[in-house]
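The stops below are given in the order in which to select them.

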Amino acid sequence: MYPMEENKDNHMKDTMEGQFLPLFTISSGIGQEILPDLYCYTNQIVNVCLVGDPAKTNEWVLIDTGMPESFKKIIEIAEGRFGENCKPKAIILTHGHFDHVGAVVDLVKKWEVSVYAHEAEIPFLTGKKSYPEPDGSVEGGLVAKMSPLFPNEPVDLGENIETLPSDGSVPYMPGWRWLHTPGHAPGHVSFFRDEDHALIAGDAFVTVKQESLYKVITQEMEVNGPPRYLTTDWNAAKKSVEKLASLQPSVAVTGHGTPISSKELSDGLEKLVNNFDQMAIPDYGRFVNRKH
Ligand SMILES: [Zn+2]
Ligand SMILES: [Zn+2]
(Lines give C-alpha, C1' and ligand atoms only; values in the text may rest on other atoms or scores of the structure.)
(Ligands and ions follow the chains in the order given, each with its own letter.)
Protein backbone atom coordinates (compact mmCIF):
# COMPACT_ATOMS: atom_id res chain seq x y z
CA MET A 1 0.00 0.00 0.00
CA TYR A 2 1.04 3.50 -0.71
CA PRO A 3 1.80 5.29 2.57
CA MET A 4 -0.54 8.21 2.91
CA GLU A 5 0.65 11.14 4.93
CA GLU A 6 -1.64 13.52 6.65
CA ASN A 7 -2.46 16.75 4.87
CA LYS A 8 -1.10 15.39 1.65
CA ASP A 9 -4.10 16.86 -0.11
CA ASN A 10 -2.73 20.29 0.68
CA HIS A 11 -0.25 19.72 -2.11
CA MET A 12 -2.93 19.17 -4.68
CA LYS A 13 -4.52 21.69 -7.01
CA ASP A 14 -7.99 21.14 -8.34
CA THR A 15 -8.36 23.07 -11.59
CA MET A 16 -11.61 21.20 -12.27
CA GLU A 17 -13.47 22.93 -9.46
CA GLY A 18 -16.36 25.05 -10.67
CA GLN A 19 -15.93 23.82 -14.22
CA PHE A 20 -19.32 22.17 -14.58
CA LEU A 21 -20.35 21.83 -18.21
CA PRO A 22 -24.02 21.23 -19.08
CA LEU A 23 -23.46 18.34 -21.48
CA PHE A 24 -25.50 15.16 -21.19
CA THR A 25 -26.34 11.99 -23.06
CA ILE A 26 -29.53 9.98 -22.81
CA SER A 27 -27.62 7.40 -20.75
CA SER A 28 -26.17 9.99 -18.38
CA GLY A 29 -26.45 8.86 -14.77
CA ILE A 30 -27.00 5.26 -15.74
CA GLY A 31 -24.79 2.39 -14.63
CA GLN A 32 -24.50 -0.90 -16.44
CA GLU A 33 -22.91 -4.19 -15.44
CA ILE A 34 -20.95 -5.33 -18.46
CA LEU A 35 -19.36 -8.32 -16.71
CA PRO A 36 -19.76 -9.42 -13.07
CA ASP A 37 -16.58 -7.49 -12.27
CA LEU A 38 -16.85 -4.67 -14.79
CA TYR A 39 -19.35 -1.92 -14.18
CA CYS A 40 -19.67 1.09 -16.44
CA TYR A 41 -21.24 4.31 -15.22
CA THR A 42 -22.00 7.12 -17.66
CA ASN A 43 -21.27 10.49 -16.10
CA GLN A 44 -22.81 13.17 -18.35
CA ILE A 45 -20.89 12.36 -21.54
CA VAL A 46 -18.06 10.18 -20.29
CA ASN A 47 -17.75 6.66 -18.92
CA VAL A 48 -16.21 5.64 -15.63
CA CYS A 49 -15.43 1.97 -14.81
CA LEU A 50 -15.64 0.17 -11.49
CA VAL A 51 -13.56 -3.00 -11.69
CA GLY A 52 -14.17 -5.71 -9.10
CA ASP A 53 -16.93 -8.21 -8.40
CA PRO A 54 -18.98 -7.06 -5.38
CA ALA A 55 -20.34 -10.60 -4.92
CA LYS A 56 -16.84 -11.88 -4.28
CA THR A 57 -14.76 -9.06 -2.87
CA ASN A 58 -14.84 -5.52 -1.63
CA GLU A 59 -11.58 -4.79 -3.38
CA TRP A 60 -12.10 -2.72 -6.46
CA VAL A 61 -10.46 -0.13 -8.67
CA LEU A 62 -11.89 3.01 -10.22
CA ILE A 63 -10.89 3.71 -13.81
CA ASP A 64 -11.20 7.42 -14.65
CA THR A 65 -13.11 10.00 -12.65
CA GLY A 66 -15.68 11.66 -14.87
CA MET A 67 -16.48 15.26 -15.64
CA PRO A 68 -15.71 18.23 -13.39
CA GLU A 69 -18.09 18.45 -10.41
CA SER A 70 -19.03 14.76 -10.56
CA PHE A 71 -17.59 13.82 -7.16
CA LYS A 72 -20.93 13.23 -5.41
CA LYS A 73 -22.34 11.15 -8.25
CA ILE A 74 -19.30 8.90 -8.35
CA ILE A 75 -19.42 8.35 -4.59
CA GLU A 76 -23.10 7.50 -4.87
CA ILE A 77 -22.48 4.96 -7.63
CA ALA A 78 -19.53 3.41 -5.77
CA GLU A 79 -21.55 3.10 -2.56
CA GLY A 80 -24.48 1.65 -4.46
CA ARG A 81 -22.27 -1.08 -5.82
CA PHE A 82 -19.74 -1.73 -3.05
CA GLY A 83 -21.57 -0.48 0.02
CA GLU A 84 -21.26 2.54 2.22
CA ASN A 85 -17.78 3.69 3.15
CA CYS A 86 -16.31 1.52 0.48
CA LYS A 87 -13.18 2.83 -1.07
CA PRO A 88 -11.23 1.53 -4.02
CA LYS A 89 -7.72 0.16 -3.76
CA ALA A 90 -6.63 2.71 -6.35
CA ILE A 91 -7.76 5.12 -9.03
CA ILE A 92 -6.27 4.43 -12.44
CA LEU A 93 -6.46 6.92 -15.29
CA THR A 94 -6.57 6.15 -19.00
CA HIS A 95 -5.31 9.72 -19.50
CA GLY A 96 -5.57 13.15 -17.94
CA HIS A 97 -8.11 15.05 -20.06
CA PHE A 98 -10.61 17.12 -18.10
CA ASP A 99 -13.48 14.69 -18.68
CA HIS A 100 -11.50 11.83 -17.13
CA VAL A 101 -10.01 13.67 -14.16
CA GLY A 102 -13.04 15.78 -13.22
CA ALA A 103 -13.46 14.42 -9.70
CA VAL A 104 -9.99 13.02 -9.13
CA VAL A 105 -8.72 15.57 -6.59
CA ASP A 106 -11.86 15.36 -4.44
CA LEU A 107 -11.88 11.56 -4.63
CA VAL A 108 -8.25 11.36 -3.52
CA LYS A 109 -9.02 13.68 -0.63
CA LYS A 110 -11.91 11.49 0.46
CA TRP A 111 -10.46 8.04 -0.14
CA GLU A 112 -6.76 8.69 0.36
CA VAL A 113 -5.74 6.31 -2.39
CA SER A 114 -3.03 6.53 -4.99
CA VAL A 115 -3.72 7.43 -8.59
CA TYR A 116 -1.85 5.60 -11.33
CA ALA A 117 -1.16 6.78 -14.86
CA HIS A 118 1.36 6.28 -17.65
CA GLU A 119 4.61 8.16 -17.08
CA ALA A 120 4.10 10.31 -20.19
CA GLU A 121 0.85 11.56 -18.68
CA ILE A 122 2.33 12.49 -15.29
CA PRO A 123 3.32 16.10 -16.25
CA PHE A 124 -0.36 16.73 -17.06
CA LEU A 125 -1.40 15.40 -13.66
CA THR A 126 1.12 17.26 -11.57
CA GLY A 127 0.41 20.73 -12.91
CA LYS A 128 3.63 20.85 -14.92
CA LYS A 129 2.23 20.78 -18.42
CA SER A 130 -1.07 21.79 -20.03
CA TYR A 131 -2.61 19.93 -22.92
CA PRO A 132 -2.87 22.01 -26.06
CA GLU A 133 -6.12 23.95 -26.15
CA PRO A 134 -8.91 21.89 -27.69
CA ASP A 135 -9.29 22.53 -31.40
CA GLY A 136 -12.61 24.29 -31.94
CA SER A 137 -11.87 24.63 -35.63
CA VAL A 138 -11.72 20.90 -36.24
CA GLU A 139 -14.19 19.32 -38.66
CA GLY A 140 -16.98 17.47 -36.90
CA GLY A 141 -19.85 19.30 -35.21
CA LEU A 142 -21.08 21.28 -32.27
CA VAL A 143 -19.22 19.57 -29.44
CA ALA A 144 -16.03 20.22 -31.37
CA LYS A 145 -17.02 23.88 -31.72
CA MET A 146 -17.75 24.09 -28.00
CA SER A 147 -14.49 22.42 -27.09
CA PRO A 148 -12.50 25.65 -26.53
CA LEU A 149 -14.68 26.03 -23.43
CA PHE A 150 -13.31 22.80 -22.03
CA PRO A 151 -10.70 23.22 -19.33
CA ASN A 152 -7.18 22.31 -20.40
CA GLU A 153 -5.30 23.49 -17.35
CA PRO A 154 -3.82 20.45 -15.62
CA VAL A 155 -4.83 19.22 -12.19
CA ASP A 156 -2.04 18.74 -9.69
CA LEU A 157 -2.16 15.48 -7.78
CA GLY A 158 1.14 16.20 -6.08
CA GLU A 159 2.60 13.12 -4.49
CA ASN A 160 -0.55 11.11 -4.90
CA ILE A 161 0.23 10.14 -8.46
CA GLU A 162 2.22 7.03 -9.34
CA THR A 163 3.51 5.57 -12.58
CA LEU A 164 1.94 2.35 -13.84
CA PRO A 165 4.29 -0.62 -13.29
CA SER A 166 6.70 -1.08 -16.20
CA ASP A 167 5.97 -4.82 -16.44
CA GLY A 168 2.53 -4.07 -17.86
CA SER A 169 0.61 -5.27 -14.83
CA VAL A 170 -2.22 -3.19 -13.44
CA PRO A 171 -2.23 -2.47 -9.69
CA TYR A 172 -5.03 -4.35 -7.87
CA MET A 173 -6.39 -5.72 -11.16
CA PRO A 174 -4.93 -9.23 -11.46
CA GLY A 175 -5.23 -10.71 -14.95
CA TRP A 176 -5.32 -7.30 -16.61
CA ARG A 177 -2.49 -5.56 -18.40
CA TRP A 178 -2.13 -1.99 -19.54
CA LEU A 179 -1.23 -1.08 -23.09
CA HIS A 180 0.25 2.21 -24.17
CA THR A 181 -2.18 3.59 -26.76
CA PRO A 182 -0.94 7.12 -27.46
CA GLY A 183 -2.21 9.57 -30.07
CA HIS A 184 -5.23 11.01 -28.30
CA ALA A 185 -2.91 11.88 -25.41
CA PRO A 186 0.82 11.11 -25.10
CA GLY A 187 0.43 8.78 -22.13
CA HIS A 188 -2.92 7.31 -23.02
CA VAL A 189 -3.41 3.70 -21.89
CA SER A 190 -6.02 0.99 -22.37
CA PHE A 191 -6.58 -2.10 -20.22
CA PHE A 192 -6.96 -5.64 -21.54
CA ARG A 193 -7.66 -8.99 -19.89
CA ASP A 194 -6.34 -11.97 -21.82
CA GLU A 195 -8.64 -14.49 -20.15
CA ASP A 196 -11.88 -13.12 -21.58
CA HIS A 197 -10.59 -10.43 -23.95
CA ALA A 198 -12.31 -7.65 -22.04
CA LEU A 199 -11.06 -4.20 -23.00
CA ILE A 200 -11.26 -0.84 -21.31
CA ALA A 201 -10.23 1.33 -24.23
CA GLY A 202 -10.34 4.84 -22.81
CA ASP A 203 -10.45 7.31 -25.69
CA ALA A 204 -8.20 5.28 -28.02
CA PHE A 205 -11.41 4.63 -29.92
CA VAL A 206 -14.96 5.45 -28.91
CA THR A 207 -18.42 4.18 -29.86
CA VAL A 208 -19.99 7.53 -30.63
CA LYS A 209 -19.12 10.38 -32.91
CA GLN A 210 -18.01 12.50 -30.00
CA GLU A 211 -17.70 15.74 -31.97
CA SER A 212 -21.38 15.78 -32.89
CA LEU A 213 -23.73 17.12 -30.22
CA TYR A 214 -26.68 15.27 -31.72
CA LYS A 215 -24.88 11.96 -31.68
CA VAL A 216 -23.48 12.57 -28.23
CA ILE A 217 -26.99 13.18 -26.91
CA THR A 218 -28.60 10.23 -28.68
CA GLN A 219 -25.55 7.97 -28.26
CA GLU A 220 -26.04 6.57 -31.74
CA MET A 221 -23.59 3.68 -31.79
CA GLU A 222 -20.65 3.81 -34.17
CA VAL A 223 -17.10 2.69 -33.60
CA ASN A 224 -15.04 5.76 -34.27
CA GLY A 225 -11.60 7.18 -33.73
CA PRO A 226 -10.70 9.22 -30.65
CA PRO A 227 -12.47 12.54 -29.97
CA ARG A 228 -11.05 14.87 -32.61
CA TYR A 229 -10.84 18.16 -30.77
CA LEU A 230 -8.23 16.81 -28.36
CA THR A 231 -6.35 14.30 -30.48
CA THR A 232 -2.95 15.70 -31.39
CA ASP A 233 -1.06 12.81 -32.99
CA TRP A 234 -3.12 11.03 -35.64
CA ASN A 235 -0.36 8.64 -36.75
CA ALA A 236 0.03 7.34 -33.23
CA ALA A 237 -3.75 7.23 -32.78
CA LYS A 238 -4.05 5.02 -35.84
CA LYS A 239 -1.37 2.62 -34.61
CA SER A 240 -3.09 2.43 -31.23
CA VAL A 241 -6.40 1.42 -32.81
CA GLU A 242 -4.59 -1.23 -34.87
CA LYS A 243 -2.94 -2.54 -31.73
CA LEU A 244 -6.25 -2.86 -29.89
CA ALA A 245 -8.03 -4.42 -32.88
CA SER A 246 -5.30 -7.05 -33.17
CA LEU A 247 -6.11 -8.23 -29.64
CA GLN A 248 -9.59 -9.17 -30.84
CA PRO A 249 -11.47 -7.85 -27.83
CA SER A 250 -14.77 -9.57 -27.02
CA VAL A 251 -16.24 -6.64 -25.14
CA ALA A 252 -15.15 -3.04 -24.82
CA VAL A 253 -15.98 -0.10 -22.62
CA THR A 254 -14.80 3.09 -24.27
CA GLY A 255 -14.38 6.55 -22.77
CA HIS A 256 -17.42 7.82 -24.64
CA GLY A 257 -20.44 6.02 -26.07
CA THR A 258 -22.14 2.78 -25.10
CA PRO A 259 -20.27 -0.43 -24.29
CA ILE A 260 -19.97 -2.77 -27.25
CA SER A 261 -19.34 -6.49 -27.74
CA SER A 262 -19.15 -9.46 -30.08
CA LYS A 263 -19.62 -8.98 -33.80
CA GLU A 264 -20.62 -5.36 -33.52
CA LEU A 265 -17.26 -4.69 -31.89
CA SER A 266 -15.13 -6.80 -34.23
CA ASP A 267 -16.89 -5.46 -37.34
CA GLY A 268 -16.70 -1.90 -36.03
CA LEU A 269 -13.00 -2.16 -35.28
CA GLU A 270 -12.24 -3.78 -38.61
CA LYS A 271 -14.06 -1.01 -40.44
CA LEU A 272 -12.26 1.65 -38.41
CA VAL A 273 -8.83 0.11 -39.00
CA ASN A 274 -9.45 -0.23 -42.74
CA ASN A 275 -10.85 3.27 -43.12
CA PHE A 276 -9.08 5.14 -40.36
CA ASP A 277 -7.97 8.08 -42.49
CA GLN A 278 -11.48 8.73 -43.82
CA MET A 279 -13.44 7.89 -40.69
CA ALA A 280 -11.30 9.17 -37.86
CA ILE A 281 -8.94 11.83 -39.10
CA PRO A 282 -10.71 15.15 -39.61
CA ASP A 283 -10.45 16.86 -42.99
CA TYR A 284 -9.26 20.02 -41.34
CA GLY A 285 -8.14 21.18 -37.93
CA ARG A 286 -5.10 22.43 -36.05
CA PHE A 287 -3.72 18.95 -35.35
CA VAL A 288 -4.07 17.61 -38.87
CA ASN A 289 -1.50 17.87 -41.56
CA ARG A 290 -3.38 16.38 -44.45
CA LYS A 291 -2.36 17.01 -48.03
CA HIS A 292 -5.32 17.38 -50.36
ZN1 LIG B 1 -9.62 12.35 -23.90
ZN1 LIG C 1 -12.67 11.67 -23.16
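Helices (H or I, at least four residues) and strands (E, at least two) are DSSP runs, numbered from the N terminus.

This is a predicted model, in which local features need pLDDT of at least 70, side-chain atom pairs count only at pLDDT 80 or more, and totals for chains, interfaces and linings use all residues. Residues are numbered from 1 along each chain as its sequence is written, chains are lettered from A and ligands numbered from 1 in the order in which they are written, and side-chain values use heavy atoms, without hydrogens and water.

Next, show the protein donors: Asp 99 (OD), His 100 (NE2), Asp 203 (OD) and His 256 (NE2), 2.1 to 2.5 Å from the zinc ion (ligand 2). Donors are N, O and S atoms within 2.8 Å of the metal (3.2 Å for Na, K and Ca); water is not among the atoms, so sites may look incomplete.

Colour by accessibility: His 100 counts as buried at 0% relative accessibility, and Asp 203 counts as buried at 1%. Buried means under 20% relative accessible area, exposed over 50%, partly exposed in between (1.4 Å probe, protein chains only).

Finally, select Met 279 in helix H7 (residues 276–279), which is partly exposed at 21%.
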